[in-house]
Amino acid sequence: MKKYIFILFTLIAFSSCKKFLDIQPESEVSKEELFTTEEGFKEALNGAYVGFASTNLYGGNLTFSNLDIMAQNYQFSDGNYQRIAAFDYTLPSFVDKINTIWTSSYKSIGNVNQILEVIDERKGLFRDHNYEIIKGEALALRAYMHFDLLRMFGTSFKNNPSFKAMPYVTTVSTKTTPYSTVSEIMDKVIADLQQAKTLLKTIDPIIPGTYVVGYPKGEKTTELKNGSLFLQNRRHRMNYYAVVGELARVYLYKSDNANALSSAKEVIESLKFPWTIKEDFFNADVAKRDRIFYNEILFGWFIPKSQDQLIGLFSRDNPDYSATADQINAIYNLGTVGADDWRYKQWFRIVKSAGNTDRFYLQKYLVNSSPIENLHPLVAPALRLSEMYMIAAEASFDTNPGVAVDYFNTLRTHRGIGASLSAGISKSDFINELEGEYRKEFYGESQNFFMHKRLNLNIITTTGLIYQPSDKLFVFPLPVDEQAYRN
Amino acid sequence: MVMKLTTILLLVGAMHLSAASFSQTVTLSRRTTSLKSVFKEIKKQTGYFFFYKGQLLQGRPDVVIELKNASLTEALSASLKGQDLSFNIVNKTIVISNKENLPDQNNRPISKIEIKGVVADKSTGETLPGVNISIKNGSSIGMTNDKGEFRISVDEGTILVFSYVGYELFETKVTSNKNLSIKLASKLTQMNDVVVTGYQTIKKENYTGNAITLSGDELKKNNPQNLLKSIQSFDPSFKVLDNNLFGSDPNALPKINVRGATALPSIEDTENILDRNNLSSNYNLPAFMLDGFEVTLQKVTDLDINRIESVTLLKDAAATAVYGSRAANGVIVITTKAPIAGKLQLSYNYELSVNAPDLTDYHVLNAADKLAYEKLAGLYDGGLTTAYNQDQLDAEYFARLKNVASGVDTYWLSQALRNAYRQKHSIYVQGGDQKFRYGVDLRYETQPGVMQKSDRNRYSGGMNFTYNPSSKLLFRNEISITQVNGNNSPYGDFSTYVRMNPYYPKTNQNGDLIQEIANWRVDTHQNGPDQIKTTYVFNPLFEGSLASFDKSSNLELIDAFSVDWKLTPSLTFKSQISLNKSKTTGDKFVSPLSSVFYAYASDKLNNKGSYALSESDRLAIDGKATLGYNKQIGDQYFNLVLGTNVVAVRSDDKFIEAQGFSNDRFTNIGFARIYKENSAPGGNVSENRLAGAFFSGNYSFKNKYLLDASFRYEGSSAFGSNKRFAPFWSTGIGWNMHKEPFMENVKVVSQLRLKASTGIVGSVSFPAYLSRSIYQYDPSNWYSTGLGAQVLGYGNSNLQWQKTKTYDVGIDLGLFKDRFVISPRYYYKLTKGLITDIDLSPSTGFTTYKENLGDMANEGYELYLTANAFRNKDFNINITGNLAHNVNTLVKLSNSLKTLNDKIDQYQTNPDKKAQSTPLLRYNEGQSLSAIYAVRSLGIDPENGKEIFLKKDGTLSYVWDVKDIMPVADGAPKAEGNLSANIGFRNFMVSLSFYYRFGGYSYNQTLVDRIENADPRFNVDSRVLDQRWIKPGDQTFFKNIADLSITNVSSRFVQKDNLLELRSIYLSYDFKRELIKKIGFQNLRTTMTLNDIFRTSSIQMERGTSYPFARSLTVSLLASF
């Protein structure tokens, strides 16, 4: 009898032991637990966006930092910044920042891959079209991030498509993914984007005419009207047009003009994104002023957490980044066509200084302090309608220069520049004009550097110094850790 | 699950209550009945079986019987009267046989004799009521009355057994002596002869494991205020690391390791790696088991030392393997006193301690010297600063000179200090009889620290009962409630006082404390308006005068219930369950008037003052069931135990911060205006579970050949789902050589035992969810389309226990009837599969993950010596000494620890981290965790006063380079230990206890921080004025006095660390019993203990930098009624 009691006791104790030791944490959620509900997938996707929009990536380093400095947009007295502007990749703080970008990018890709690894086997969990939306966005994010990494750490497609640049990571594991060549990565980027496009094509809520783009408090906009928070603010997420726009950008990088043009045209012709009107851009009431052409943004990262950093960079007394008056006057062609350029008039605060040269502080990201709020939330623009026009212009120039010049002139009209280019312009002059426009449009948005890399353009400093295009300038060094710990 | 288990444990315990209700007496009333039915009735009443040949009862006459509460023997004698039958009781069986079969008994006349006597405690002489008296191998025949007396009638030659809970059995053969005086020896006094492993109690003589057992009294004698330090005095391998930062702060927890470290700190834990103590020994803490259940270190430090019965240190695998994953750092088993039966006994203990701050290691400059030094250091040289012009500097200088001349010479060090008087009252009441015993204890203890307003006060109460319904069953329940309130001093960090200039006055002309004593302008070398910054010197005493507080309060409830069920005399089933609930709250209020807010932005003046509130709830449930077998069969002795246990611990922490207090009077958090800016409430829940089954056996043959073996299979929730269970085992062999025939002639040797053991134990001291991929919800992870969850890291589901393999050999040698006992020990511990971070290519999405990679070894020896040097009737001298040595070696390391060294190099050279002159630990294979890393130095060049460094390649240089840092010395002493002497003379007792260590090295931080790198704007060590290089040819230890560049970490400051401390002096007097009995006492003892009296060291260094050390004197009075 006694023996049996003991055996019974032992049996009970051990049969439930495995379960007893399996604790589900309370203030966190284990991966297994998270992906058992649709909500979990949504939260994981939101979490991925938070990662991409952090100050380490698009909420900082990849939007208004070194890439913008290297595009020679500012002038510094600080030695370290000068070295960055001079492409000194040995500067320790620069190396640190490059390492941070690499590490954070792959960390965010990891967050996306965690979703993609399990989403297909859990397809049954999803209501409506959430499966397509989450998977489509996740694929697009993976492609978007890899493409930007390629634009930093790879050689340009034009120069050396067979350069073994970096891994294209699609799994979650401690095993490293082998390196791919530039063209292999391009193909993978395109494949992921195409798959995302297919998934989002018919079901993305941004597509129907009932989705009206506008300022959050605008009367007509429906961007915040969806009953599900998850489906609001499509332009803060990798929506269908963002995928198409990104495809346009990628095809252009690959010199696939036909596909670049058709993608850009698809966005332009959707007429989803209205040009910003002068009244909004110039509104005397700061609470009603659009500082960033918000409605033209196809896709922008939601970055309220970067506000403090932006104040330090651009708007406090003696900000980290500022340009001289001469520099800005030159960039915006003050002497020729730029006198009425909206951007020149609205984006800069002129700070007069006795004895020294006047300086221009960037106002693009200025956030009004509460209770007077901006017309739009703080975002880091990722894809703009203007870029679509410029892609379309560049992609169609060889086949149809007249159309190309039209695209270009349309954009300039909406920036307050009356003078238009004529269709007879030479290719190199046209590219030159485009480069100028990229620089004006994407001041503080980091796209200008990539254009130089893509087209092998000289980089000319304000002091007139010319950097010949080369991989030494354009290719970021790989982090030492990446090489050291591959397995 | 836990609840299920609890129910089972309780059920199993309760199941056999019914079996226990047999009585030892017989009540029978039969007119005429058959013998058979009488036997049946007796069997029913007593549970004894009858055994006889089949035909024996046939044809026997009926019996007439009348019995009331007769003992079994009486009943049997009465029923067999005139039957020509006899009986014999063997165990629980009564054998009935024909009388003619027992001729000897038949022939001998039965001579019952009446004897009487008194039973008393051997040591105290107190009489013992309720002592059970029985015939050996037979039934109980009586008990002592309330005066301890008995009167029985038995056959001559019978062996009587006296048994009493808490005492050894006593046997005596009945002779013609009719007046017996029985002295029972309390089991207490035998304690040093047994080892309490928490699962078994094993005779020390037969044990092969390595354990040290100490009684509560011994510990209290050594240090009544600090249990842990006291343990160290008896075993130096239990190492309480010097806490140079927190000195004798009553609220600081010590760092402890046993036989070296077995775990590495985590890399994310950068602050811990790089702290000044270099090694966070929280990872290497031994497990503390209080009455069978694991408790926290905090609980042990708050324990009432009077309640401790014994403390056992289990060190090697043979002793600890049954604790499995908690055993790698040793196990400390603490048992508390159980109530003793007898008439109500009350003991009362009063202690009064005086703690006085010990400032002997501080040598600071006086006002005049300080000002002279400032001048020498160029503080008033206008050419050296842009913050002032020469006129302003002169004005500053003369203002200070005026203070000096007018006699201002404040000794800041003593300003926030006091002599602290600690008081403790504890009462223990116990009583009861054999069946039910109880004990109630109460304690009131206030322990103020030597810094003003810092204290730790403890109040506890407990109730303890044992219920013993039969000799087979024992229930025990213990409940205790402890309230501990701690206050940190609002006077701030002691180092602030050390740095204050003596020419600063404390008060203004009106006698009010000044808040801002001085300020100076500093050139920050930044551009623009931030270039010159004003730095204030605040009066730290002013802080203490405010209403600020920093307090914690802990309420803990422990209930432990156990059932012991003796299935047979040798087989015992035991089940225990305990519940430990504690709630801690922390309240920290910083007054709006505090200097922290002195220069607060003008638009935020209404946000001054802050409050931090934290709350922590912890619930631990611990249950176990064991089956013990304890039997001697011929020459073989078995002590086996089989069991299982589960532990579940859950803690729930929350905290919030608020700010904006209108004034100093309203200190409640309710008066806060807002939450702390940019902050959010915080919280964390963590849970840990453990389950295991084990076997442990101790076997001896003829008390000569010994074998110990144990095995445990255990699972923990902290480990990867693929490696959740692990086996642990140990085995030990021993040989009591002195019992061999060939040793009988060697008269000198009274004891010679050889033993050796080996085994594998583990440790689980790391965060609970390391083995999983965790998604974290941070409220700040808000995206415009909802809350985001982000993956925290790669969860390695293959993560497993780090296992420590230990080898241990030892000899116990006793000479001259054990008047001298020498016990050397040698051990080797190899910890395999250290849990460390592995670096990954960042492209995997992770930079590190946890893996079992890396080995660490600890090797060492210990020596224990006891000498009963002199002994006669009145006088005895005992001398004990011990010695320990441990070498720690990092055998194998992961890649990331190697790259961590580069990060440490960066940290070392980063001026913001202020660690340029502190030796930081690096991780290198073959090196030890106690290595001191610095650049080798050849001293100061007499030519120019510059330091000459020896580079890694052997060349000389004046330039310090972080790449030349290498291990220059080892902090581990060649040996450390204690020496103590006990002298007893009649009722007096004196003991002295010294601690020593030698052969190790230390980095003298004082020489760097307070002399060479001293900021002349603050007070400095007095050595700053001499021994510095001034002119060519000076042979000095310190560099050029005019060289204000920072001195980096160099071997110049590594000094031999030899130390001798008189840790304790104890004096006691026991009042003569005859004397005190007249005034109603049973016992009366007064004692006096002095702690940390004297210290001499080869290294002159400031100790207790944040909180000073103290010396103490404790007077106590122990009375029992």
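Helices (H or I, at least four residues) and strands (E, at least two) are DSSP runs numbered from the N terminus.

I kept in mind that local features in this predicted model need pLDDT of at least 70 and side-chain atom pairs pLDDT 80 or more, while totals for chains, interfaces and linings use all residues. Residues are numbered from 1 along each chain as its sequence is written, chains are lettered from A and ligands numbered from 1 in the order in which they are written, and side-chain values use heavy atoms, with hydrogens and water left out.

Next I followed the open sheet of three strands, whose order is 1(A)-38(B)-39(B) with antiparallel pairing; two strands pair if DSSP finds at least two bridges between them. Its edge strands, each pairing on one side only, are strand 1 of chain A and strand 39 (786-791) of chain B, and neighbouring strands are turned by 40° against each other on average, direction ignored. Strand 1 (residues 28-30) of chain A is joined to strand 38 (residues 774-783) of chain B by three bridges, and there I found Val29(A) opposite Tyr775(B) and Ser30(A) opposite Ile774(B).

**The interface as a whole**

I then took the totals: 66 residues of chain B are in contact (heavy atoms within 4.5 Å) with 62 residues of chain A. The two chains bury about 5,700 Å² between them, 66% of it on carbon and sulfur atoms, where buried area is the accessible area (1.4 Å probe) that two parts lose on being put together, summed over both. On the side of chain B, Tyr775(B), Tyr783(B) and Thr785(B) lose the most area to chain A, together 14% of what that side buries.

**A hairpin in chain B**

Last, I looked within chain B, where strand 31 (residues 610-633) pairs with strand 30 (residues 571-590) in the antiparallel sense over 20 bridges. Strand 31 also pairs antiparallel with strand 32 (residues 636-659), over 24 bridges, and these two form a hairpin with two residues between them, in whose turn Gly634(B) has a positive phi of about 60°.

Definitions and conventions
Axes are lines fitted to C-alpha atoms, for helices over the stretch in contact, and angles run from 0 to 180 degrees between N-to-C directions.
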